[in-house]
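Please look over the sequence and the model first.

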Amino acid sequence: MKIDILNIFLILISGVFAFVLPFQTFLFVYAFLGPLHYLTEINWLQQRNYFLQDKTNTYYLFVPIFLIGSIVYIPTLAELKPVIPFLLYFTFLVSIFNSSENSKLYKNWKFILSLIIGIVISFSFKNYFQTVFSVFLPTLIHVFIFTGIFILSGFLKTKNKWSFVTLIVFVLTSVFLLNFNWKISLLETGMLSKYQSFEKLNQTIFSIFEENNTTKQSIYSSSFGIKIMQFIAFAYTYHYLNWFSKTSIIQWHKTTKTKITTIIIIWILSVLLYYYNYKTGLYWLYLLSLTHVILEFPLNTTSVKSLYKSNFHQ
């Protein structure tokens with residue numbers, strides 16, 4: 001019950017900050033809490049073999065991560081950036097077909113068929129494919145949808161009324177932030193340049209719900225733009241805080257002193273780099289963020305499968 005009450009408080013406090021200062025809240029938590037979350041979760045996942053049934057399947061995750069890093073950081077490979085959405089699709093498929101029944105993926109005909117279908121779709125519906133796997137999957141699907149699934153799963157396992165209240169507060173806070181906004185303009189000039197690296201997500205959401213062309217002004221100062229930012233800020237803030245509230249449940253803090261020291265040092269250096277130059281900090285930790293997203297895919301898909309089997313499959 002205590003952890004549920006704590007999470008209800010964290011949801012509400014995340015919602016308040018996202019409502020009052022959406023851009024500032026997002027930029028702060030992404031720079032300050034983000035690196036610590038990525039580092040501690042990657043370490044926790046590694047201790048559990050990334051929730052993969054077969055240890056050799058880790059190559060299917062780390063090779064794409066290496067390729068994405070090479071494409072992003074090596075200028076001569078920049079032309080290969082359109083391949084990144086497919087690499088993310090590939091890692092997600094690896095997670096879906098993470099099964100002890102047929103752990104050798106190259107022998108799994110369903111996996112191979114899904115891979116071929118993905119190749120066809122990535123060429124035939126390039127924009128839609130990129131939107132799903134490059135824009136939404138590593139961002140809102142990861143920080144909001146899967147967080148919601150974890151909350152739902154916790155309630156269905158415990159049948160605790162406070163877990164149900166947590167789920168309801170999570171949903172209602174999200175709905176509120178998507179329908180009401182505090183003020184249309186609360187941005188400092190410097191915030192515009194700092195958020196430019198994330199504009200693609202806002203622009204994509206605009207393109208789905210708005211017929212008119214999206215401008216920078218609409219992203220930062222329109223009523224709809226502020227509502228979108230409130231939701232994004234809330235999703236990220238609570239995603240991070242929810243992880244740090246799970247210490248007593250999943251014991252992610254239990255590791256060697258050497259690893260803890262290394263994590264803290266890298267985290268401090270990352271925050272200082274953000275303070276020195278925000279764009280440089282983003283560039284430095286882009287791959288770390290994406291790495292933690294990809295390595296969590298097996299946990300995400302395993303949770304969805306377990307949820308379905310235990311509650312909806314008779």
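The sections below cover the basis of the model, its core, a surface patch and one asparagine.

## Basis

This is a predicted model, in which local features need pLDDT of at least 70, side-chain atom pairs count only at pLDDT 80 or more, and totals for chains, interfaces and linings use all residues. Residues are numbered from 1 along each chain as its sequence is written, and side-chain values use heavy atoms, without hydrogens and water.

## Nonpolar core

The largest nonpolar core has 90 residues. Such a core is a set of buried Ala, Val, Leu, Ile, Met, Phe, Trp, Tyr and Cys residues joined through side-chain atoms within 4.5 Å; buried means under 20% relative accessible area, exposed over 50%, and partly exposed in between (1.4 Å probe, protein chains only). Phe26, Tyr30, Leu140, Tyr195 and Ile232 touch the most other members.

Beyond its neighbours within four places in sequence, Tyr195 has contacts (heavy atoms within 4.5 Å) with residues including Phe26 and Ile232.

## Surface patch

Trp109, Leu113, Ile117, Ile121, Phe125 and Tyr128 make a nonpolar surface patch of about 690 Å².

Trp109 lies in helix H5 and is exposed, at 59% relative accessible area.

## Asparagine 242

Asparagine 242 is buried, with a relative accessible area of 10%. Leaving aside neighbours within four places in sequence, Asn7 and Thr147 are in contact with asparagine 242.

How values were computed: Patch = residues over 30% accessible without salt bridge, like charges linked within 9 Å, V, L, I, M, F, W, Y side chains within 5 Å. Areas by Shrake-Rupley, 256 points an atom, 1.4 Å probe, with all protein chains shown as cover. Salt bridge = Lys/Arg side-chain N within 4 Å of Asp/Glu carboxyl O. Helix = DSSP H or I, 4+ residues; strand = E, 2+ residues; numbered from the N terminus.
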